[in-house]
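Good morning, and thank you for joining.

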Amino acid sequence: MTTQVADVEDGHENEHGPATGITRWLFTTNHKDIGTMYLIFSLVMLFIGGSMAFVIRAELFQPGLQLVEPGFFNQMVTMHGLIMVFGAVMPAFVGLANWMIPLMIGAPDMALPRLNNLSFWILPFAFSMMMGTLFMDGGGPNFGWTFYAPLSTTYAPPSVTFFIFAIHMMGASSIMGAINVVVTIVNMRAPGMTYMKMPMFCWTWLITAFLLIAVMPVLAGVVTMMLMDIHFGTSFFDAGGGGDPVLFQHVFWFFGHPEVYIMILPSFGVVSEVIPTFARKKLFGYHSMVYAIIAIAVLSFVVWAHHMFTVGMPLAGELFFMYTTMLIAVPTGVKIFNWVSTMFRGSLTFETPMLYSIAFVILFTIGGLSGIMLALAPVDFVYHDTYFVVAHFHYVLVPGAIFGIFAAVYYWLPKWSGKMYDESLGKFHFWVSFIGLNLTFFPMHFVGLAGMPRRIPDYPLQFADFNMIVSIGAFMFGTSQLIFVYVLIKTLRSGEKAPQRPWEGAEGLEWTVPSPAPYHTFATPPKVD
Amino acid sequence: MLQNVRVLSIFLALFPTIAWSEWEVNMTRGVTDTSAAIYDLHMLVFYICVVISVIVFGVMFWSMYHHRKSKGAKAHLFYESTKIEILWTILPIIVLIIILFPATKTLLETYDTADSDIDIQVTGYQWKWRYKYIGQDVDFFSVLTTPSDEIYNKAEKNPNYLLEVDNPLVLPINKKIRFLFTSNDVIHAWWVPALALKKDAIPGFINESSTTINEPGIYRGQCAELCGKDHGFMPIVIKAVTEVEYAAWIDEQKTLKEKAASASQKDWSMDELMAKGEQVYNKNCSACHQPTGVGLPPVFPALAGSAIALGPIEDHIDIVFNGKSGTGMSAYGEQLSAVDMAAVITYERNAWGNDVGDKLLPADVEKMKGGK
Ligand SMILES: [Cu+2]
């Protein structure tokens, strides 16, 4: 794997070239190397988490238990969620941040390069430990990625302690990454680049980083409380000792809700770069876009209990969380309208990054609209914990986070590697993914409304037909990611040489350096006016 | 399979009307006033969402078609308009306010639990429900009856696959019923779509909800909160009957209880106990300890060859009676009748190669129950 990446960087001379061999990757403090490692790590995790989804969908292909036992099914559901959230999406964004933020703000590197190295190298250990739990006595975590107590404390398999430790490590890594982003953006912008001239991607990451710094400690707190309950005789989440299982959910979702914005804001940033480029027009409403992200981030702290409408909150609580949640639709709407206006009366072309961005806007809007439906507490009494919710959050996360990442990779790959990807293959990847995705997640709305609970290994017969379609879609979507890998390999091996600015409409400092970007860029800061 | 392919092709051909008549694709309107209100709210928001998407996607597709570079479109360089931004901040707020009124009203209705006619305590257990009619001396467990042959595809699945139980919850129509939800172990959620009622059952806490059923019928639901291994196998079945039938049913429960008491005084033979014990075991214990007694170590211990099943009977009785708090092993003392308790303990001591040879008589269990 390393050799493959090595030729991304090969083929250019530099005063201080990278070290050779494995030490380059182990000891590197270069933002481009670290970005590359993050991206590859996340791709590997995408496939691991995806193969767990394969197990889930294969078991659900038909009613009855065919392949796995319910206990193992629960472990797959849990691991799939944890790996996709913490292993695939978040590291991919940090990888993009590492590669692009210094290039976009004209900085020579990230502000804290050694911290950067550490925050990456924690991850492989954290995830090895977490996946190692699958082979332990009693199996791995089987309580869902939301790990509600007391299922995850008193009733958990013994491996839960390792799970807690792994979460602590991931959290530490995320916090370090986030601090690095904040420090870099605040201190290292090129002269003349005021905040309001900063590329959208940097803005979204700046806000994301603040969210991370605010909520990862809360996650650490909640798993620590679990650890205390399990091993040290406390009763935070045990009514028998004066605690409350619902407290767990409040603390978890106080982390969890901002977390879902952490997984979408950087994608907002990506499509805000890509759409203007391929519409050959500036982003419409830059200022309101910035204010909208800030508004979303602030609101994300006061909506958490909309995940908990059925726990028996007092009426006032239900009303408060229903109203605040509905309010989030406003800034989100502003963003969508601005993207559409950016396309309106532009001069559009549809290269792969643009296709992914357009799909992002459409499918994210669908997910956002089902979000408004879910926000209504009385109706959520029916939707809650059904496949309707599964459909909703996969619509905002897969075409949201993941398509945003794909758009980013296709958009900046020429800059990273100095080679162009094969446009027809890229489009092929897009269309197969797009069809597979909708085949997978759209029918989930129907089974959910018809009454299928989530996280069940077997289901009543009336859900059989749709589940079969969903599984076929999932196999298609999963397999289509092999095309992505093929595109990447083909680009690196035999892609045509990419010019400095491969996209006609692209603007920004990253296009002022050669392709591939030299190992060290912007040693003298550029001037922005 | 063939049929699935046919249906799939219909779906792919996008003939929603045909497909919709065959498949359930929407929420049920249910059989209570609240469920109807919730359904109407759901449809209202759904249509609003459809209108919004038609507008947004309409503009997008229009631009994608007309403003393509390949058609010679030139970019118009406009990119800032405070007026427009304010407009599309205000418009969504207005739409939200329109939704907010019916949503608040419906929510208030669901929170009205005062003045109920019947109170029922619903307790979640790993993995079954217990219903206690408060003030009626009626109290029973409701357990999945789908045979494991159907689950493991060795027999054809019946139409109520995974949605059938031994003892349904019998309720009268047109009476205000208040449920009090709690749990014995982890969090479960009691959900019946036809009542549009879903509430978490939380250990150590009590949640309440009420409902008034308008039509007699059988309504089925499932546990909605991941509660461990057999979360998918703890359904809910409600049998809604007229008031007269309900009163008769309550009486019947009382006579059944007396019958069970006299059965326990009978002198049971070893064979009778073993046969009965196997039934009880497969219904109540095999989910964790497995049909062949091998368990799923380390979480669920094996009973075949276990020190307790082969040791002094007092310890065996103790764990089955009192359970072990903080584990899946719940206290069966009040869950099983004296006959069932005697039979299952006898069975565990003499099945799957266990050969203690002693038997426990229902009459003795009755004495212990009295003693506690
Ligand atoms: Cu349950």
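Where is the place of A:Pro150 in chain A? In this predicted model, A:Pro150 sits in the loop that runs between α5 (113-132) and α6 of chain A. Another cis peptide bond joins A:Ser515 to A:Pro516, with omega near -5°. A:Pro516 belongs to the segment after α16 (464-494) of chain A.

Let us turn to chain B. B:Gln290, in the loop between α8 (286-289) and α9 (307-310), is a residue other than glycine with a positive phi, near 70°. Phi is also positive at B:Trp352, near 45°, and this tryptophan lies in the loop between α11 (338-350) and α12 (362-371). B:Trp352 counts as partly exposed because its relative accessibility is 23%.

Finally, the cavities. The count comes to two of 30 Å³ or more. The largest has a volume of about 140 Å³ and is lined by 16 residues, with A:Met90, A:Pro91, A:Val94, A:Ser173 and A:Ser174 nearest its centre. The elements giving two or more residues to this lining are α4 (70-105), α6 (160-187) and α7 (200-231) of chain A. By class, the lining of the largest cavity holds twelve nonpolar, four polar and no charged residues.

The second largest cavity has a volume of about 30 Å³. Its lining includes A:Val94, A:Asn98, A:Met110 and A:Asn180, and α4 and α6 of chain A each give two or more residues to it. Here the division is four nonpolar, four polar and no charged.

How values were computed: Residues are numbered from 1 along each chain as its sequence is written. Chains are lettered from A and ligands numbered from 1 in the order in which they are written. This is a predicted model: local features need pLDDT of at least 70, side-chain atom pairs count only at pLDDT 80 or more; totals for chains, interfaces and linings use all residues. Side-chain values use heavy atoms; hydrogens and water are left out. On a 1 Å grid over the protein atoms alone, a cavity is a set of points where a 1.4 Å probe fits but cannot get out, and a pocket is an open set with protein on both sides within 12 Å along at least five of seven lines; lining residues have an atom within 4 Å of a point. Grid points are joined across faces, edges and corners, and a volume is the space filled by probe spheres set on the points. Helices (H or I, at least four residues) and strands (E, at least two) are DSSP runs, numbered from the N terminus. Ala, Val, Leu, Ile, Met, Phe, Trp, Tyr, Cys and Pro count as nonpolar, Asp, Glu, Lys and Arg as charged, and the others, Gly among them, as polar. Buried means under 20% relative accessible area, exposed over 50%, partly exposed in between (1.4 Å probe, protein chains only).
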